[in-house]
Amino acid sequence: MISWDPQVYLRAADERSRPFVDLLGRIGAEDPRGLVDLGCGPGNLSPLLRQRWPRARLTAIDSSPDMVTAAREAGIAAELGDVTKWAPGQDDDVLVCNAVLHWVPGHAELLGRWAGRLPSGGWLAFQVPGNFTAPSHTIIR
């Protein structure tokens, strides 16, 4: 399990939010029952889901206890959980997974499993950063 420092994470909140906002804009769901923010971090982006679909139930999950604590302090009813073990429920119409799956080995299989369990008309919105050749990443290697 990776533990994250919410305060350090939030220093780049603007940069980290842009892909989430872009992803959200691509979702065509009109009146979903349930929204799931997989890898919700400190909960700073979860309210955008609630703003777009105020009548839907929001579930926010992260694997870092520190992030879950920060999300709860921000008013998000976040849950500690492992995305590899999580599965959509029958009312989870919109799954959003932003900048999480590149940390998960075998995520292609996981995506197939989630997609197969989504209710009819459900949306699976995810993005995986493709910046592994960026100087910030090559220097570390």
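Guide: A search of the whole structure finds zero disulfides, a disulfide being a pair of cysteine sulfur atoms within 2.5 Å. The model is a predicted one, in which local features need pLDDT of at least 70 and side-chain atom pairs count only at pLDDT 80 or more, while totals for chains, interfaces and linings use all residues. Residues are numbered from 1 along each chain as its sequence is written, and side-chain values use heavy atoms, with hydrogens and water left out.

Strands (E, at least two residues) and helices (H or I, at least four) are DSSP runs, numbered from the N terminus.

Let us begin with aspartate 92, which is found in strand S4. Aspartate 92 has a relative accessible area of 7% and is therefore buried; buried means under 20% relative accessible area, exposed over 50%, and partly exposed in between, for a 1.4 Å probe and protein chains only. Aspartate 92 forms a salt bridge with arginine 57, and their closest N and O atoms are 2.9 Å apart. The term salt bridge stands for a side-chain nitrogen of Lys or Arg within 4 Å of a carboxyl oxygen of Asp or Glu. Since aspartate 92 lies in strand S4 and arginine 57 in strand S2, the pair ties together parts that are 35 residues apart in sequence. Arginine 57 itself counts as partly exposed, because its relative accessibility is 39%.

The side chains of aspartate 92 and arginine 57 also make a polar contact, at 2.9 Å. A polar contact is a pair of N or O atoms within 3.5 Å; within protein, one must be able to donate a hydrogen and the other to accept it, and residues adjacent in sequence count only if both atoms are side-chain atoms. A polar atom of the side chain of aspartate 92 also lies 2.7 Å from the backbone nitrogen of glycine 89. Leaving out residues up to four places away in sequence, aspartate 92 touches Gly34, Val36, Arg57, Trp86, Leu118 and Pro119, where contact means heavy atoms within 4.5 Å.

Aspartate 93 is likewise placed in strand S4. Its relative accessible area is 9%, so aspartate 93 is buried. Among the residues in contact with aspartate 93, neighbours within four places in sequence aside, are Pro32, Arg33, Trp123 and Gly122.

Which strand pairs with S4 over five bridges? The partner is strand S5, residues 123–127, and the pairing is in the parallel sense; two strands pair if DSSP finds at least two bridges between them. Within this pairing, valine 96 has alanine 125 of S5 as its bridge partner. To pass from S4 to S5, the chain goes through helix H5 (residues 107–117), in a β-α-β crossover that is right-handed. A crossover is called right-handed if, with the strands pointing away from the viewer, the path from the first strand over the helix to the second runs clockwise.

In a regular strand, side chains alternate between the two faces of the sheet. Cysteine 97 has a relative accessible area of 0% and is therefore buried. Cysteine 40 also counts as buried, because its relative accessibility is 4%.

With a relative accessible area of 8%, asparagine 98 is buried. The side chain of asparagine 98 makes a polar contact of 2.7 Å with the side chain of glutamine 127. These two residues are 29 residues apart in sequence, whereas their C-alpha atoms are 5.4 Å apart in space. Beyond Gln127, the residues that asparagine 98 touches include Arg16, Phe20, Leu38 and Leu45, residues up to four places away in sequence not being counted.

The loop between S4 and H5 holds alanine 99. Alanine 99 has a positive phi of about 55 degrees although it is not a glycine. In general, most residues other than glycine have a negative phi. Alanine 99 has a relative accessible area of 28%, so it is partly exposed.
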